[in-house]
Number of protein chains: 2
Amino acid sequence: MVEWKNFDELKSVKALEEVKDEVSLKEVLAGEAGAERVKKYTVPMAEGLHYNYAAKLVDDKVMAALKQLADETQVLDKFALLYNGEVVNTGENRRVLHHLCRGQLGKDVIADGENKRDFYVEQQKRIADFANDVHAGKIVNEKGEKFTTAVQIGIGGSDLGPRALYIALENWAKHTGNLKMQAKFISNVDPDDASAVLASCDLAHTLFVLVSKSGTTLETLTNEAFVMDALKKEGLDPSKHMITCTSETSPLAKSNDFIAAFFMDDYIGGRYSSSSVVGAGILSLAFGPEVYADILEGAAEEDKLARNTDLEKNPDLLDALIGVYERNIKGYEATAVLPYSQALARFPAHLQQLDMESNGKSVNRFGQPVNYVTGPIIFGEPGTNGQHSFYQLLHQGTNIVPLQFIGFRNSQLENDVVIEDSTSQKKLNANVVAQIMAFACGKEDENPNKAFAGERPCSLIYGDQLTPGTLGALLAHFENKVMFQGFVWNINSFDQEGVQLGKKLAKKVLAHNTDSALKAYADLFEI
Amino acid sequence: MVEWKNFDELKSVKALEEVKDEVSLKEVLAGEAGAERVKKYTVPMAEGLHYNYAAKLVDDKVMAALKQLADETQVLDKFALLYNGEVVNTGENRRVLHHLCRGQLGKDVIADGENKRDFYVEQQKRIADFANDVHAGKIVNEKGEKFTTAVQIGIGGSDLGPRALYIALENWAKHTGNLKMQAKFISNVDPDDASAVLASCDLAHTLFVLVSKSGTTLETLTNEAFVMDALKKEGLDPSKHMITCTSETSPLAKSNDFIAAFFMDDYIGGRYSSSSVVGAGILSLAFGPEVYADILEGAAEEDKLARNTDLEKNPDLLDALIGVYERNIKGYEATAVLPYSQALARFPAHLQQLDMESNGKSVNRFGQPVNYVTGPIIFGEPGTNGQHSFYQLLHQGTNIVPLQFIGFRNSQLENDVVIEDSTSQKKLNANVVAQIMAFACGKEDENPNKAFAGERPCSLIYGDQLTPGTLGALLAHFENKVMFQGFVWNINSFDQEGVQLGKKLAKKVLAHNTDSALKAYADLFEI
């Protein structure tokens with residue numbers, strides 16, 4: 001039996017407190033021992049990626065305490081409950097099954113009268129067939145012409161993950177001949193968002209993918225109407241230009257407004273839904289079903305590693321535990337995600353949702369207030385851009401921000417120039433490693449304004465190239481990291497009650513059912 | 001004479017400490033008094049914008065203490081020193097003159113043997129003439145054809161500000177017939193960035209704008225070579241396709257590689273350079289010189305307000321002081337910028353650089369370590385997108401993050417649909433005001449998981465529409481806010497020594513002049 005204990009009741013927290021001033025990065029990274037540490041503190045991930053934690057504030061003693069934390073919180077047993085289909089999202093009385101979209105880690109999960117793995121695979125197969133038919137010109141527009149562009153209409157989890165993955169692979173797909181259709185995204189209820197995307201599309205050859213699990217998301221239904229209006233104005237039939245990805249119980253599922261409907265269920269949270277039809281639809285249309293399958297395979301391979309009891313073979317758990325150590329024991333409030341790959345430009349925005357929506361909680365999984373800090377602020381931009389922007393604060397600001405670097409040996413487009421004896425890709429990577437050492441070890445200087453205190457902890461995920469497989473591994477790594485941290489903090493990482501109040505008040509404002517301050521604010525906008 | 005005192009030596013800090021638990025947002029925003037407060041706590045900004053601070057933790061007592069802080073730190077006198085041309089950037093022995101690019105607030109500033117206002121205006125005039133000639137087809141490509149696209153090559157301050165401003169006005173310009181040329185941006189040394197942008201351009205009709213003040217920025221020179229290479233491969237003459245914006249002393253200034261060179265000087269910091277030729281070049285090409293002049297006029301109008309001694313007539317100073325109060329007295333570590341306007345999608349990234357690079361410092365302006373916190377972490381995404389992402393943590397996370405909302409009554413494209421009795425724009429704005437009330441006042445609930453503690457402080461900048469003028473006012477507002485905060489913290493907001501160490505180490509890596517841990521890291525990337 002697993003026990004669900006609050007973080008401040010754990011014995012291992014005391015063990016961690018005792019070793020918290022154990023490591024100086026300047027010391028452990030010095031000399032030949034430092035070089036050895038860089039080589040040794042590396043854990044294999046899926047698809048040839050590695051998680052390197054040489055510049056984290058850990059040593060054998062800290063690792064032992066982290067192991068104790070993992071054991072005491074039974075995180076692997078809790079993960080097993082989750083993938084075996086127990087109701088881990090207790091607040092909403094739901095299973096949590098996004099792993100099952102990409103592989104089966106445990107028992108058969110039977111729910112709603114069906115084997116859920118079969119259900120997910122069936123929906124993937126339906127989408128694969130549909131996408132192949134679109135690409136082959138079997139599913140066409142009113143005039144019998146091929147669709148060339150796919151536009152996702154969705155917000156939050158129905159937008160950020162799929163969009164980040166699309167941007168991550170767009171250039172790779174162009175280079176390798178895998179770009180079947182261009183993809184675009186409409187998310188914001190701001191009418192300028194939909195207007196601008198529609199103006200950039202050849203509507204007659206555009207297929208829309210309407211994504212809402214509940215089928216009731218205000219922004220998404222508004223944008224659906226916006227798009228239908230635009231299609232009609234061009235003399236096009238909206239029902240010949242739109243598919244939907246939704247749950248079988250949603251009002252969209254039974255509608256005749258769509259060419260086809262593909263289904264997820266309540267066991268897939270929005271921010272974890274890239275592995276479900278929410279990602280499968282747009283990404284299979286854009287890149288073809290085989291590429292999408294490769295993403296899932298990379299994710300599935302990473303999920304398997306997340307079961308390993310040996311911390312040095314479980315990069316997702318190790319990353320999670322180090323993150324908790326930094327957040328609760330060292331007291332750092334934020335984490336910056338710094339991919340040295342322009343293709344990952346929107347990956348930090350996806351992680352920002354994934355992490356902050358999952359673990360930005362003040363009550364434990366039983367709804368009781370907690371007395372310790374939970375999820376950190378997540379932000380980031382691609383390097384080297386960030387170096388010329390907010391890195392000043394990261395290097396010399398008054399608060400320490402732990403850093404998560406990501407880098408690849410090779411570019412995606414494999415188009416490069418040699419300037420001053422090195423390619424751009426080498427320059428990019430020289431900057432990753434230089435930054436890690438600068439953050440970790442700093443530099444003394446007689447002039448304090450030119451001195452760097454160092455001791456800023458950095459991890460590095462590195463590999464050969466950003467491909468569908470490595471992207472899937474990255475996606476799963478962070479999902480699993482966030483899940484493990486939620487277990488350690490004893491919170492429910494799978495609900496989001498914090499989004500409700502704003503929605504309710506917005507409805508009141510639109511119904512003019514307000515008074516006092518809310519009405520006064522609404523008056524500022526002449527609503 | 002002004003005195004430069006550390007923050008922890010100030011008497012007014014004690015006054016602030018005494019009133020720090022004075023205000024409960026739930027109380028002050030309740031009932032009719034709350035509605036009155038919303039109306040009253042509003043300060044006019046330039047161009048019809050307003051800064052509303054009704055949901056900030058202030059009342060008359062706190063305002064009095066903030067006024068005392070402003071007086072004791074002599075921030076307005078320091079601002080006057082700055083705009084009168086004193087060497088305020090003492091570490092680098094430089095004046096700070098970006099305000100002078102958009103207007104003259106004080107005395108003539110004579111430096112380098114010239115009147116600097118005349119110099120900036122002359123350069124703007126040169127760019128205006130050049131852009132008009134490009135638009136009129138007087139400056140053309142080798143074949144005598146018009147340029148249709150402009151691509152900025154620059155990084156950091158030469159990228160984020162101009163890019164954010166371009167994106168902010170692109171749709172407005174399309175709608176109002178002011179889009180003269182499409183603009184694109186290459187920044188990252190990642191070769192996939194330049195490759196992808198170039199692949200999307202018709203090179204024969206593309207004009208490049210190479211931007212580097214020093215003329216030595218690694219990324220920018222590498223991307224210049226990348227672009228020159230691509231032009232040559234197409235049989236085009238790079239020197240007929242490129243202009244530069246740089247300083248007169250830079251190696252680029254004397255080069256024959258460019259159609260024309262436009263100049264800034266050392267008194268314009270990168271992150272403050274949108275008002276100089278760095279912004280003028282690309283934005284005048286994209287929108288025409290008149291639109292660019294309107295941006296500067298909006299900024300100049302806001303700058304004038306920043307001189308007002310009455311806090312209730314000085315939105316930039318008021319915002320700055322409240323920010324210091326939240327950072328140092330209330331202990332909040334971050335600020336989220338939440339524009340309810342898709343056009344401002346990259347404005348938070350610009351502000352992230354502006355704020356974190358300016359005030360992410362641990363030494364005072366005399367180079368002595370400080371014993372208090374300085375600049376916060378800045379992050380943000382447009383609403384309503386963010387509501388479906390990281391707002392969960394903002395509402396119910398364990399740390400309080402102050403929030404800066406921005407919204408407009410009207411959309412830019414003025415294309416909208418009515419769904420359920422309201423336009424998308426009304427829905428967008430209903431969400432802004434609903435969120436402010438939800439963050440400020442929260443909601444009690446028997447189930448703690450559905451309860452909202454509230455007391456999350458919010459400010460709101462609102463106006464009619466995002467136009468060149470209001471955008472200029474926003475730009476200047478935040479520049480001035482950051483400047484005032486730097487004065488209060490007694491730091492130099494105009495240098496960035498924190499970017500140097502990484503650059504040096506990257507050079508060593510590329511020269512293979514490394515050992516130990518740095519070499520071991522480089523080996524991971526096979527550099």
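This is a selection-by-selection tour of a predicted model with chains A and B.

**The interface as a whole**

Colour the two chains separately and select the residues in contact across them. On the chain B side there are 130 such residues, and they meet 131 residues of chain A. The area buried between the two chains is about 11200 Å², with carbon and sulfur atoms giving 63% of it. Next, pick B:H388, B:Y521 and B:F525: these supply 8% of the area that chain B buries against chain A, more than any other three residues.

For the polar part of the interface, the count is 52 residue pairs in polar contact between chain B and chain A. Helix α15 of chain B, residues 424-441, gives the most to the side that touches chain A, with 15 residues. Six salt bridges are found across this interface.

**Salt bridges between the chains**

Select B:E381 and A:R346. They form a salt bridge whose closest N and O atoms are 2.9 Å apart. The pair crosses between chains: B:E381 is in the loop between β11 (377-379) and α14 of chain B, and A:R346 is in the loop between β10 (334-340) and α13 (347-359) of chain A. B:E381 counts as buried at 15% relative accessibility, while A:R346, at 22%, counts as partly exposed.

Now take A:E381 and B:R346. Their side chains also meet in a salt bridge, at 2.9 Å from N to O.

Move on to A:E526 and B:R409, whose side chains meet in a salt bridge of 3.6 Å, N to O. A:E526 lies in the segment after α18 (516-524) of chain A and B:R409 in the loop between β12 and β13 (418-419) of chain B, so this pair joins two chains. A:E526 counts as exposed, at 55% relative accessibility; B:R409 counts as buried, at 17%.

The side chains of B:R409 and B:D464 meet in a salt bridge of 2.7 Å, N to O. B:D464 is in the loop between β15 (458-463) and α16 (468-489) of chain B, and B:R409 is in the loop between β12 and β13, so the pair ties together parts 55 residues apart in sequence. B:D464 counts as partly exposed, with 44% relative accessibility.

**B:N399**

Select B:N399, in the loop between α14 (391-396) and β12 (403-408) of chain B. B:N399 counts as buried because its relative accessibility is 15%, under the 20% cut-off. Show its contacts beyond four places in sequence: A:R327, A:E333, A:V373, B:E333 and B:R456. Two side-chain polar contacts can be drawn here, one of 2.8 Å to A:R327 and one of 3.4 Å to B:E333. For a distance check within the chain, B:N399 and B:H512 are 113 residues apart in sequence and 44 Å apart in space, C-alpha to C-alpha.

**A:T222**

Go to helix α9 of chain A, residues 218-233, and select A:T222. This residue is buried, with a relative accessible area of 1%. Its side chain reaches the backbone oxygen of A:L218 at 2.7 Å. Leaving aside neighbours within four places in sequence, A:T222 is in contact with A:V189 and with B:V417, B:I419, B:S424 and B:K427 of chain B.

**A:A80**

A:A80 is in helix α5 of chain A, residues 75-83. With a relative accessible area of 19%, A:A80 is buried.

**Rings and charges**

Show the aromatic side chains. The structure holds 36 aromatic pairs over all chains. One to inspect is B:Y166 with B:F185: the ring centres are 6.1 Å apart and the planes stand at 55°, so the pair is tilted. B:Y166 lies in helix α7 (residues 160-176) and B:F185 in strand β6 (residues 182-186), so the pair ties together parts 19 residues apart in sequence. Both B:Y166 and B:F185 are buried.

In chain A, select A:Y340, A:F379, A:F390, A:Y391, A:F405 and A:F439, which ring pairs link into a cluster. Then look for charges over rings: the charged end of A:R37 sits over the ring of A:Y41, 4.2 Å from its centre, and B:R95 lies over the face of B:Y267, at 5.5 Å from the ring centre.

**Last stop**

Finish with A:D112, A:E114, A:K116 and A:D265, linked in a network of salt bridges. Over all chains the count comes to 53 salt bridges.

Definitions and conventions. Residues numbered from 1 in each chain as written. Chains lettered and ligands numbered in written order. Predicted model: local features only at pLDDT ≥ 70, side-chain atom pairs only at ≥ 80, totals over all residues. Heavy atoms only, no water. Helix = DSSP H or I, 4+ residues; strand = E, 2+ residues; numbered from the N terminus. Buried < 20%, exposed > 50% of the residue type's maximum accessible area, 1.4 Å probe, protein only. Polar contact = N/O pair within 3.5 Å; in protein donor to acceptor, adjacent residues only side chain to side chain. Contact = heavy atoms within 4.5 Å. Phe/Tyr/Trp six-rings, centres within 6.5 Å; stacked < 30°, edge-to-face > 60°. Lys NZ or Arg CZ within 6 Å of the ring centre and 35° of its normal. Buried area = accessible area lost by both parts, 1.4 Å probe. Salt bridge = Lys/Arg side-chain N within 4 Å of Asp/Glu carboxyl O.
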